Amino acid sequence: MKAIQFSEVGGPEVMKIVEVPKPELRPKMVRVRNHAIGINFADNFFRQGTYLVRPKLPDTPGMEGAGIIDEVGPEVEELKPGMRVVGIGLKTYAEYSLFYANQIIPLPDFVSFEDGAAFPIQTLTAWFMMHVSHHLTSGQTVLVHSAAGGVGLVALQIAKAAGARVIGTVSNDAKIPVAKQYGADEVINYESQDFAKEVMRLTDGKGVDLNLDAVGKPTFEKGLECAAPFGHIILYGRAGGPPDKLDVNRLFPKALKVSGFVLFTASSQHHLMHQGTEACFKLMQEGKLKMVVGKTFPLDQAPAAHRFMESRQSVGKLVLVP
Ligand SMILES: NC(=O)c1ccc[n+]([C@@H]2O[C@H](COP(=O)([O-])OP(=O)(O)OC[C@H]3O[C@@H](n4cnc5c(N)ncnc54)[C@H](OP(=O)(O)O)[C@@H]3O)[C@@H](O)[C@H]2O)c1
């Protein structure tokens, strides 16, 4: 089968298309013939050797893939060959990949493979942050950084569906109409404007109840400034570099809460996966949540796809098609 592989960590150019054997089935796992593969920002960190999970060289990037189950391993009960599914796993930039059965989500008929590949990591991350880490209620105000990105566009929609007011940030004006199209009430260009001042102006000096921050260093400090009393900042990434250390004394005056989020903590708990998946598919069926596939690339164009994501020009989800 064809797969993307890198033998040294580095820039997008280290990724090459190679011919390798199909992965061998193991107990509790299924093998999926991928039809669409989700690209995530963390794939850049994995390729650079700076992600939570370190590559074992030569390695293959990728954490999600949608397709058809090719074969199921021993001790797998409910999944069968031929089922349309999406899975969260490793080494998914390939024609076939292995997934643990408990990390497989059967795809409803109304979800295409491309939308399926856009679903698990970005959508469930957004949903878990708003409905498990935080308990978002109607009337709260949510700040979504990088609002036109993969997580960003689904976070806007999930926040709106919960009845929140949503303020987005983006780094260039071309992304503003897209963020508005998917539910942002206001969008701030945080490169040309001081977003904290703008948030305070837009909220009549109150600030935001929830701030979803995966940018890190450039945004975290200012996030404290524009949080509402009892506000909550969730750090879930570091696209702009890790934030400076937090002096917890800064949380006292406004009774703030800062928490971290990583999907694997939620996705390893069956009841949470079930709850999040059901809720998001329901929103999709009701027309309140759309996957936004901004661009697809053939599998061998993975380096170009990574360059595009790193350029900060991409909008929505990027998908590889094997
Ligand atoms: N914790 C988790 O489980 C989890 C799960 C999924 C994603 N994430 C995190 O969520 C963030 C978004 O992920 P995604 O896959 O949906 O990617 P994405 O938002 O589609 O793309 C990344 C975006 O980050 C923004 N960005 C800010 N500073 C940047 C920089 N210095 N270099 C490059 N981009 C920068 C850019 O938007 P602007 O320039 O418009 O801001 C860019 O478009 C990432 O930080 C990712 O690691 C975390």
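How far does a polar side-chain atom of glutamine 122 lie from an oxygen atom of the ligand? The distance is 3.0 Å. The model is predicted: local features need pLDDT of at least 70, side-chain atom pairs count only at pLDDT 80 or more, and totals for chains, interfaces and linings use all residues. Residues are numbered from 1 along each chain as its sequence is written, and side-chain values use heavy atoms, with hydrogens and water left out.

**View 1. Two domains.** The domain assignment gives domain 1 (2–118 + 291–321) and domain 2 (124–263); such bounds come from an automatic or database assignment. Their centres, taken over C-alpha atoms, are 28 Å apart. In the contact (heavy atoms within 4.5 Å), domain 1 supplies 15 residues and domain 2 supplies 18.

**View 2. The buried area between the domains.** About 1100 Å² is buried between domain 1 and domain 2, 62% of it on carbon and sulfur atoms. Buried area is the accessible area (1.4 Å probe) that two parts lose on being put together, summed over both. On the domain 1 side, Val292, Arg312 and Val315 lose the most area to domain 2, together 43% of what that side buries.

**View 3. A salt bridge between side chains.** Glutamate 191 and arginine 312 pair at 3.8 Å, N to O. A salt bridge needs a side-chain nitrogen of Lys or Arg within 4 Å of a carboxyl oxygen of Asp or Glu. The count between domain 1 and domain 2 is one.

**View 4. Around the ligand.** There are 27 residues around the ligand (a heavy atom within 4 Å). Ser171, Lys175, Tyr190, Leu263 and Arg312 come nearest. The side chain of serine 171 places an N or O atom 2.6 Å from a ligand oxygen atom. Alanine 239 has a backbone N or O atom 3.2 Å from a ligand nitrogen atom. The protein covers 90% of the 900 Å² of accessible area (Shrake-Rupley method, 1.4 Å probe) that the ligand has on its own.

Note on methods: A polar contact is a pair of N or O atoms within 3.5 Å; within protein, one must be able to donate a hydrogen and the other to accept it, and residues adjacent in sequence count only if both atoms are side-chain atoms.
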